[in-house]
Amino acid sequence: MNNMSPEVALHRISPELRPLLCSVVRNGRVGLDSTNCLRVTDLKTGCTSLTPGPCCDRFKLHIPYAGETLKWDIIFNARYPELPPDFIFGEDAEFLPEPSELPHLVQWDAGNPECLLQLVKELIQQYHHYQCQRLRESSRLLFEYDSLLEDPDYGHNMEIYAGRKNSWTGEFSARFLLKLPVDFSNIPVYLLKDTALDPGEDVALLSVSFEDAEATQVFPKLYLSPSIEHALGGSSALHIPAFPSGGCLIDYVPQVCQLLTNKVQYVIQGYHKRREYIAAFLSHFGMGVVEYDAEGFTKLTLLLMWKDFCFLVHVDLPLYFPRDQPTLTFQSVYHFTNSGQLYSQVQKSYPYSPRWDGNEMAKRAKAYFKSFIPQFQEGAFANGKL
Amino acid sequence: MMAAPTVRVSGIVLSSLMFQHVNGDGDVEGLVLGESKFEEQVTISDSQADHIHIEETYNIQKHIACHKLNTFYNSVGDIDMEAVRKLLVNNEQERVIGWYRQRRNTDQVMSFREKVVHENLKTSLSNPHMIFVLLTPSKLTPPGSTHKMEYAAFISRSRHFINVPILVNNLGVLEQLAYWKVSASCSATGYNLTMKKHGSKFFSSNGLLREVNEVNDMNESLQAELQKACRDVEESERRLETLQSYVSALRIRLREKRRSLAGKELEKDLPEQKNNLLLQDAVRTLFARSPLFQTQILTLQAFPVPHVHCGSEQDDAVSVTPQDSQSPLNATRTNGWKRQKETSEGKDRKRRKNQL
């Protein structure tokens with residue numbers, strides 16, 4: 001398989017077919033997992049090798065579906081670009097959709113750049129029906145599907161891939177991919193935009209793999225879009241429970257959904273709490289505030305003086321504040337360590353309660369500063385050098 | 001019953017198909033003409049039950065190329081029969097056994113539209129047995145110095161498409177291990193004319209070789225002669241059986257007659273012994289059981305020893321002397337001899353006793 005960027009593919013395709021392919025590689029997001037556009041590989045031509053390029057008119061389209069990647073061949077004819085494309089559905093040789101149920105094939109319009117993309121979406125829909133039909137080979141899995149289908153929260157956002165029977169053991173497996181109806185819109189923007197690439201839509205997908213038809217080996221996995229994963233504290237921050245033995249999806253999926261929702265709520269509340277905390281410190285320390293994180297409210301630096309002794313206090317607020325206690329770093333403005341850094345001491349244990357409001361936390365912090373500074377000053381004089 | 005389909009094409013037809021399209025600047029397609037045969041083969045074996053299977057053979061004899069793609073079908077695969085008829089010259093619709101497509105740089109599997117068109121073509125031409133020939137030329141080496149042309153045929157069974165091997169006929173067909181049952185078909189006009197002109201020298205009106213008919217006739221004559229000989233043998237056997245039964249009946253009658261004659265002669269030879277008979281009867285009645293006139297074994301004390309029957313006739317013959325036939329005079333002498341013998345023995349015993 002030769003991976004190629006969309007630009008390379010567009011450069012090599014026959015000019016008459018370029019608009020059709022452009023909409024696929026640039027805007028082609030199909031299915032639940034629409035974080036990435038559809039991918040094109042293996043560009044080839046139906047013309048002779050002596051035909052001058054660009055004249056490619058057939059390629060492989062990689063389509064994410066239910067945790068798998070479908071590799072379909074799409075065959076045009078550069079000599080007859082007005083003709084509709086033909087398809088080879090990879091390993092799914094038995095998938096034969098009804099042509100009359102593909103409106104964009106019946107009314108193929110080569111002049112409409114969206115026509116190919118729409119046709120692919122219609123084929124995916126037919127493919128989904130085909131996979132659901134295959135579930136009939138297992139009554140247990142069919143029950144799982146039917147029960148989810150009745151729930152409007154999950155029934156319309158589900159992809160199923162029914163695995164092939166093992167010719168030796170006769171086992172039948174399936175994978176359910178569900179889009180969880182969790183609202184991520186209130187997550188602070190700053191948490192979402194700190195990612196390398198444009199992640200697209202914020203989505204949480206739950207994949208549940210049934211390795212056998214009797215549901216004795218079930219493996220769930222939660223997929224979050226990169227921004228959501230970062231906002232919630234990374235991949236290790238959220239652990240979903242194991243699928244209960246003898247359980248079913250209609251009970252398990254809402255449970256995972258609630259867990260994720262609670263986590264999101266906690267993150268949102270944490271943001272507001274941090275903002276309140278910073279606001280309270282600004283109010284209490286006024287001119288002593290050197291700087292603070294005005295976007296995420298995760299940092300605050302104070303310049304304070306006690307008996308002509310000036311010092312800095314760096315406050316670091318964790319993601320799950322107020323559950324997790326802020327870290328205080330005291331720093332002398334006079335003394336250096338042997339490594340040339342300003343002498344500092346970190347304090348993680350001090351009087352604190354997550355139930356205090358921001359005002360109370362600021363007052364208690366102030367009181368703590370007063371009690372700790374003499375000790376810090378002594379340490380600075382003893383261990384630091386001017 | 002199993003169906004084992006094969007597709008046969010002569011080297012000339014296949015090479016002309018490839019040659020026509022190999023340099024085409026795009027995909028091409030067309031119709032395939034020929035004939036299809038279905039023969040029932042029965043395999044008889046000692047070790048298992050008779051095995052019956054149907055052999056499907058598709059002979060490709062000609063192809064008709066379409067000038068452009070999608071000539072006889074639309075975007076959803078519906079067949080345009082008018083376009084099909086236009087492609088066929090002289091209304092050869094019954095000779096259409098399938099269609100073909102050359103698809104460059106693609107996999108050797110049927111595509112979505114090809115499957116739909118194939119099913120619709122079967123329905124439109126009312127022929128459930130049709131083939132689809134797929135040719136896929138491609139570059140074998142990156143510089144393009146070597147190309148390959150793969151070809152395969154497909155037939156559909158209940159909407160499942162199976163790959164059927166294409167066998168190319170040649171002068172020396174290596175896979176032919178058994179006798180040819182039918183000749184390879186040929187649609188060339190010149191061939192048919194030649195067969196028509198010279199065929200009557202070798203073939204009779206029923207299509208068989210003349211020699212075959214004559215051998216059959218000879219075989220029938222032999223069979224008739226054999227049957228006649230069998231009938232003759234059967235008749236003679238029956239006559240023999242009858243004679244034998246007559247002979248045995250005659251023998252029985254002869255035996256009986258002789259027996260009866262022999263009895264009468266015996267009666268004639270014997271003198272009249274009325275008086276003797278009466279006397280004989282009387283003596284027998286009075287003295288037959290008398291111990292005086294019977295031969296007996298006596299003890300030393302002159303007492304008769306009782307007879308002990310051992311159960312055999314011989315013993316009876318030994319122990320019981322036939323008294324009836326012995327005369328009383330003979331019995332006395334016998335007793336005397338026995339008495340003397342026993343007396344001497346008795347004396348010996350006495351002597352021995354005295355000695356003790």
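Tutor: Let's start at Pro322(A), which sits in the loop between strand 11 (309–316) and strand 12 (327–336) of chain A. Strands here are DSSP runs of E with at least two residues, helices are runs of H or I with at least four, and both are numbered from the N terminus.
Student: What kind of peptide bond runs from Phe321(A) to Pro322(A)?
Tutor: That bond is cis, with omega near 10°. Another cis bond joins Gly53(A) and Pro54(A), where omega is about -5°. Pro54(A) is in the loop between strand 1 (39–44) and strand 2 (58–65) of chain A.
Student: Before we go on, where does this model come from, and how do the labels work?
Tutor: It's a predicted model: local features need pLDDT of at least 70 and side-chain atom pairs count only at pLDDT 80 or more, while totals for chains, interfaces and linings use all residues. Residues are numbered from 1 along each chain as its sequence is written, chains are lettered from A and ligands numbered from 1 in the order in which they are written, and side-chain values use heavy atoms, with hydrogens and water left out.
Student: Switching to helices: at what angle do helix 9 and helix 10 of chain A cross?
Tutor: Roughly 50°, and the axes of helix 9 (residues 249–285) and helix 10 (residues 358–383) of chain A come within 8 Å. The axes are lines fitted to C-alpha atoms, for helices over the stretch in contact, and the angles run from 0 to 180 degrees between N-to-C directions. That makes helix 9 of chain A oblique to helix 10 of chain A; angles under 35 degrees count as roughly parallel, over 145 as roughly antiparallel, 65 to 115 as roughly perpendicular and the rest as oblique.
Student: Which residues make the contact between helix 9 and helix 10 of chain A?
Tutor: Among them are Tyr277(A) and Phe281(A) from helix 9 of chain A, and Met361(A) and Phe369(A) from helix 10 of chain A. Contact means heavy atoms within 4.5 Å.
Student: How close do the axes of helix 2 and helix 4 of chain A come?
Tutor: The axes of helix 2 (residues 18–27) and helix 4 (residues 115–134) of chain A come within 7 Å and cross at roughly 60°. Helix 2 and helix 4 of chain A are therefore oblique to each other. Leu20(A), Ser23(A), Val24(A) and Asn27(A) of helix 2 meet Cys115(A), Leu116(A) and Leu117(A) of helix 4.
Student: How many salt bridges cross the interface of chain A and chain B?
Tutor: Two. Asp25(B) and Arg79(A) meet through their side chains in a salt bridge, 3.4 Å from N to O.

Methods
Salt bridge = Lys/Arg side-chain N within 4 Å of Asp/Glu carboxyl O.
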